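Keep the viewer open as you read.

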Amino acid sequence: MKRVDYFRIIHKYIAPDSPLYPIYMIHCQLVANKALKIARKLKLSEASQRFIEEAAMLHDIGIFRTDAPGIFCYGELPYVCHVLEGRKILEAEGLPDHAQVAESHIGVGVTQADILEQNLPFPPRDIFPATLEEQIISFADFFFSKNPEKLWQEKSLDKIRKSVAKRGKEKSAILERWIHKFYVEEH
Amino acid sequence: MLDYFSIIHRYLAPDSTAYPLYLIHCTLVTKLALEIAERLELDAAAQRLIEEAAMLHDIGIVRTQMPVIFCDGALPYLYHLTEGCKLLEAEGLPKHARVAQTHSGIVLTAERLRSVGLMADLIHFIPRSLEEKIINFADLFYSKDSATLWRERSVVEARNSIEKFAPANLALFDEWAATFGVN
């Protein structure tokens, strides 16, 4: 598999001298690091680990098109749309698999019913991390925020469990399966 | 709050081949150093210094010759300690400069300094403050080699690097590992 120069792609959409850039880079590197620790624990192949590195570094690329001034994003769209925008950008870059990671990093996922009930700005279809790589990246993303004050802080499992519990029992059940499969005890 | 990205970008262009290695390496070292700082319940100012100084600790590599990490300066690699120090002093950051100068202290010997023509006393390269010690320790767990960039070394592997380069400091390493809660 050809290596993707993800720094080049990031720099094309988020200028290195912009205030968003440090937030983007630190967040994505921490998520990539966490995801790669999981991938090594599961003894995934080199190709799969490389894909996880690239896709984790690119998973949030859609944020600059959203309206989130707290993290210096001055686009028009609601923040949650960054997953679909990320997909479009990465598809246009000729990276359909990475695009799938960007679209699906929406916690444990949303169903068509969630989208209709909560009036989410998504097409009415299930959107969820389906492949092992997508699940690992979405799981790793739970641990880190892009809030500039908390960028480096790793969330506890407890905190993650509580935030997912607000979204219902089905979501919590998926999270528990992921914890069982993916959680790596740190030193 | 120090804008350390703008300092990094001044010396290392974001579109250069060395930049990704620099940024990823420094971020991983910073993360580990901050985990230690949190465990030791250091105050916000100390944690902030650790974040900034760890992100800048290797900036001197730009003046050294190290083709495997795409550094095409003139000086031997070990000079990244003194060059980083000079550069950060010139930026008006004396505490960060000390971190750059001392971030390899535990693996250094007087002989190694001499071998590359660094005549300053070893003592100037030894971390003194807690922040300096934490960053020196955290740096032992990561490489800038592109093949192993993301991989965190085990404590045994980190200890082996001390055994190889400065066996006299093994007891100090063990003391740090215990104090910093890494085992």
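## Around Ala33(B)

Leaving aside residues up to four places away in sequence, Ala33(B) touches Ile50(B), Ala54(B), Ile134(B), Ile135(B) and Ala138(B); two residues touch, or are in contact, when their C-beta atoms, placed from the backbone, lie within 7 Å. Ala33(B) also belongs to the largest nonpolar core, which has 95 residues, and there Ala35(A), Ala56(A), Ala33(B) and Ala138(B) touch the most other members. A nonpolar core here is a set of buried Ala, Val, Leu, Ile, Met, Phe, Trp, Tyr and Cys residues joined through C-beta atoms within 7 Å.

Before going further, a word on the ground rules. This is a predicted model, where local features need pLDDT of at least 70, side-chain atom pairs count only at pLDDT 80 or more, and totals for chains, interfaces and linings use all residues. Residues are numbered from 1 along each chain as its sequence is written, while chains are lettered from A and ligands numbered from 1 in the order in which they are written.

Ile135(B) sits in helix H7 (residues 130–139) of chain B; helices (H or I, at least four residues) and strands (E, at least two) are DSSP runs, numbered from the N terminus. Is Ile135(B) buried or exposed? It counts as buried, with 26 C-beta neighbours inside 10 Å. The cut-offs: buried takes 20 or more other C-beta atoms within 10 Å of the residue's own, exposed takes 12 or fewer, and partly exposed is in between, with C-beta atoms placed from the backbone.

Not counting residues up to four places away in sequence, Ile135(B) touches Val29(B), Ala33(B), Ile50(B), Ala53(B), Ala54(B), His57(B), Val99(B) and His103(B). Thr102(B) is 33 residues from Ile135(B) along the chain, and the C-alpha atoms of the two are separated by 8.9 Å.

## Helix H4 of chain B

Helix H4 (residues 80–90) of chain B has eight of its eleven residues buried, so it is largely enclosed by the rest of the structure. Those buried residues are His80(B), Leu81(B), Thr82(B), Glu83(B), Gly84(B), Cys85(B), Leu87(B) and Leu88(B). They pack against H1, helix H3 (44–56) and helix H5 (94–102) of chain B. Just past H4(B), Gly92(B) takes a positive phi of about 80°.

Over in chain A, helix H4 (residues 82–92) and helix H5 (residues 96–104) pack with their axes 7 Å apart, at an angle of about 175°. Axes are lines fitted to C-alpha atoms, for helices over the stretch in contact, and angles run from 0 to 180 degrees between N-to-C directions. H4(A) and H5(A) are therefore roughly antiparallel to each other; that label takes an angle over 145 degrees, against under 35 for roughly parallel, 65 to 115 for roughly perpendicular, and oblique for the rest. On the H4(A) side the contact uses Val83(A), Leu84(A), Gly86(A), Arg87(A), Leu90(A) and Glu91(A), and on the H5(A) side Pro96(A), His98(A), Ala99(A), Ala102(A) and Glu103(A). By class, that makes six nonpolar, two polar and three charged residues, where Ala, Val, Leu, Ile, Met, Phe, Trp, Tyr, Cys and Pro are nonpolar, Asp, Glu, Lys and Arg charged, and the others, Gly among them, polar.

Lys162(A), in helix H8 (residues 157–165) of chain A, is exposed, with 12 other C-beta atoms within 10 Å. The C-alpha atoms of Lys162(A) and Ile23(A) are separated by 25 Å, the two being 139 residues apart along the chain.

## The chains overall

Chain B has nine helices and two strands, running α-α-α-β-β-α-α-α-α-α-α from the N terminus. Of its 183 residues, 44% count as buried.

## Where the chains meet

The contact between the chains takes 16 residues from chain B and 15 residues from chain A. On the chain B side, the elements giving two or more residues are helix H1 (4–11) and helix H2 (18–39), and H2(B) gives the most, with eight residues. This side has ten nonpolar, three polar and three charged residues.
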